[in-house]
Amino acid sequence: MSNKYTIQIFWSVEDEGFIAVCQEFPGLSAFGETREEALREAQIALDSMIETYQGKNLPLPEPQKVTLAV
């Protein structure tokens, strides 16, 4: 499923792995031993969350606008 939501990935010392979160969907997080694994797991969770929202006719959150500073 294609979407434009932001997934942030960070290292967790406590979990000894990478955590991926999506701020537009509070509570959505995923774990991976690598960044790539965390991203894959987060995408699966995000796709499932979007399907759930759509199945319940709930409005999807607006994607964040991200500004990159160079």
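# A tour of a three-strand sheet and its helix

The protein has one helix and three strands; helices (H or I, at least four residues) and strands (E, at least two) are DSSP runs, numbered from the N terminus. This is a predicted model, in which local features need pLDDT of at least 70 and side-chain atom pairs count only at pLDDT 80 or more, while totals for chains, interfaces and linings use all residues. Residues are numbered from 1 along each chain as its sequence is written, and side-chain values use heavy atoms, with hydrogens and water left out.

**The whole chain.** Start with everything shown. From the N terminus on, the elements run β-β-β-α. The C-alpha atoms fill a box of roughly 40 × 30 × 20 Å, taken along the principal axes. Of the 70 residues, 27% are buried; buried means under 20% relative accessible area, exposed over 50%, and partly exposed in between (1.4 Å probe, protein chains only).

Next, select residues 8-12, which are strand 1, residues 17-21, which are strand 2, and residues 29-32, which are strand 3. The three strands form an open sheet in the order 1-2-3, with antiparallel pairing; two strands pair if DSSP finds at least two bridges between them. Strand 1 and strand 3 are the edge strands, and each pairs on one side only. Neighbouring strands are turned by 25° against each other on average, direction ignored; axes are lines fitted to C-alpha atoms, for helices over the stretch in contact, and angles run from 0 to 180 degrees between N-to-C directions.

**The two pairings.** Five bridges join strand 1 and strand 2. Select Ser12 to find one end of a bridge whose partner in strand 2 is Gly17. Four bridges join strand 2 and strand 3, where Ile19 stands opposite Phe31 of strand 3.

On strand 3, Ala30 and Gly32 belong to the covered face, and Ser29 and Phe31 to the uncovered one.

**Phe10.** Go back to strand 1 and select Phe10. Phe10 counts as partly exposed because its relative accessibility is 40%. Not counting residues up to four places away in sequence, Phe10 touches Gly17, Phe18, Ile19 and Val21.

**Thr6.** Move to the segment before strand 1, where Thr6 has its place. With a relative accessibility of 18%, Thr6 counts as buried. With residues up to four places away in sequence left out, Thr6 touches Val21, Cys22, Gln23, Glu24, Gln64 and Val66.

**Two positive phi angles.** Select Glu16 in the loop between strand 1 and strand 2. Glu16 is not a glycine, yet has a positive phi of about 55°. Its relative accessibility is 62%, so Glu16 counts as exposed. Finish in the segment after helix 1, at Asn57. Phi of Asn57 is near 55°, again a positive value in a residue other than glycine. Asn57 is exposed, with a relative accessible area of 70%.

Conventions
Contact means heavy atoms within 4.5 Å.
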